[in-house]
Amino acid sequence: MSSPDQVPQASPAEVLQQGSIESGEDSGSEFDDGYSTDYSSQTTSLLSSVRHYKYENGRRYHAFGKEDAYALPNDENEQDRLDLYHHIWSMVLRGELYTAPLENPQLILDIGTGTGIWAIDMADKHPEAKVIGNDLSAVQPSWIPPNLQFEIDDMEMPWVYRENYFDFIHLRTMAGCFEDWDLIIKRAFKHLKPGGYIEIQDYDYEVLNGTPDNLRGPPPDSPFYRWANLTTAAAEKAGRPFVNAKTQGKRLRDHGFANVTERWEMWPYTPWNKDKKPKELGQYILLGTQQALTNYALALLTRHMGMKKDEVAKLCKETSRELVAGKQQYWQKAWFIYGQKPLDVE
């Protein structure tokens, strides 16, 4: 993704500084519209905190927004993992970026954009659209398509955008990020245009083992069983549970979305499958999971489960060895869910 029409993107703080005028005024930027009038007050706190990262157990974490709102690090190791999983999702979708039946979307919001790789691809795919990617951490690249803007924002705080504004709102692998998913869905409904779509892509974080017609949990004495149980319990204790993908379709319906579509796929954790495509997928997921073990566990287990750093490291090492050995047929469910704001709703 390098083309001559790409321009250097200002830092997130600079972007918000440019957009801090009241909505409706003309600053000469194509990205200044769409914001509510309280935008500048949020910019002030952002300028002093966006890059004041928190360091803990040798890893780097976000500092903007609520303290410990996101349990995963934002350093280069985690950024590499996020980019790898973008490749995995793209593989499964055969190069597509979404499953919703979009028609010429003009305004797109990517919540929890991470490294921004999905937003960059989306901006390239829809050069006529304005794409906004936001996140708690300023880890996005500086050279991006001219129709893309990155912003640093906490989506659990009041949204800065106008209502009835977006054509598409996208959230991927956001389980464990929010205390109140109902609040996020309500806001998405409010800020989508009538006829606009929301799409959620995520795992359900329940590890399955066996054949598709005889699925069960991991062996109780396995390191993976202990890792999965501890991290899931810690996320619950933190008030930001991992296991919620299977309930998102109902949540969309409950908050007024129509034409809700849900589907899930079984993804292998390791390349144990003999068929070419699932084996290749398992190879990538194994690599990603090996990185994810520590990234998911370190902060959660030391903050909420009373474990020491070396104890977490030992558990993750044992789990990695188990997965590489490939003796178990581990699966996870990946969910694809979208819904549409009805045309007759303002």
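Good morning. The model is a predicted one, in which local features need pLDDT of at least 70, side-chain atom pairs count only at pLDDT 80 or more, and totals for chains, interfaces and linings use all residues. Residues are numbered from 1 along each chain as its sequence is written, and side-chain values use heavy atoms, with hydrogens and water left out.

I begin with the overall composition. The protein has nine helices and 13 strands; these are DSSP runs numbered from the N terminus, helices being H or I of at least four residues and strands E of at least two. Of its 346 residues, 55% are buried, that is, under 20% relative accessible area with a 1.4 Å probe and protein chains only. Among contacts with a separation of 6 or more, 73% join residues 24 or more positions apart, where contact means heavy atoms within 4.5 Å.

On a 1 Å grid over the protein atoms alone, a cavity is a set of points where a 1.4 Å probe fits but cannot get out, and lining residues have an atom within 4 Å of a point. Grid points are joined across faces, edges and corners, and a volume is the space filled by probe spheres set on the points. There are four cavities of 30 Å³ or more.

The largest cavity holds about 720 Å³. It is lined by 50 residues, of which Tyr70, Gly112, Asp135, Met174 and Cys177 are the closest to its centre. Several elements each supply at least two lining residues, including strand 4 (107–111), strand 5 (130–135) and strand 8 (166–172). Which element gives the most to this lining? Helix 3 does, with seven residues. By class, the lining has 25 nonpolar, 14 polar and 11 charged residues. Here Ala, Val, Leu, Ile, Met, Phe, Trp, Tyr, Cys and Pro count as nonpolar, Asp, Glu, Lys and Arg as charged, and the others, Gly among them, as polar.

The second largest cavity contains about 210 Å³. Closest to its centre, among 16 lining residues, are Tyr205, Trp227, Tyr269, Tyr296 and Gln332. Helix 6 contributes the largest share of this lining, five residues. The lining comprises 11 nonpolar, four polar and one charged residues.

Next comes the largest pocket, of about 370 Å³. A pocket is an open set with protein on both sides within 12 Å along at least five of seven lines. Its lining includes Met91, Arg94, Trp267, Lys277 and Trp331, and divides into eight nonpolar, no polar and four charged residues.

Finally, the cores. A nonpolar core is a set of buried Ala, Val, Leu, Ile, Met, Phe, Trp, Tyr and Cys residues joined through side-chain atoms within 4.5 Å. The largest has 41 residues, and Trp227, Trp267 and Leu301 touch the most other members. Helix 8 gives the most to this core, 11 residues. Beyond its neighbours within four places in sequence, Trp227 contacts Ala292, Leu293, Tyr296, Ala297, Leu315, Cys316 and Thr319. A second, separate core of 29 residues includes Met174, Cys177, Phe178 and Ile337.

Key. Buried means under 20% relative accessible area, exposed over 50%, partly exposed in between (1.4 Å probe, protein chains only).
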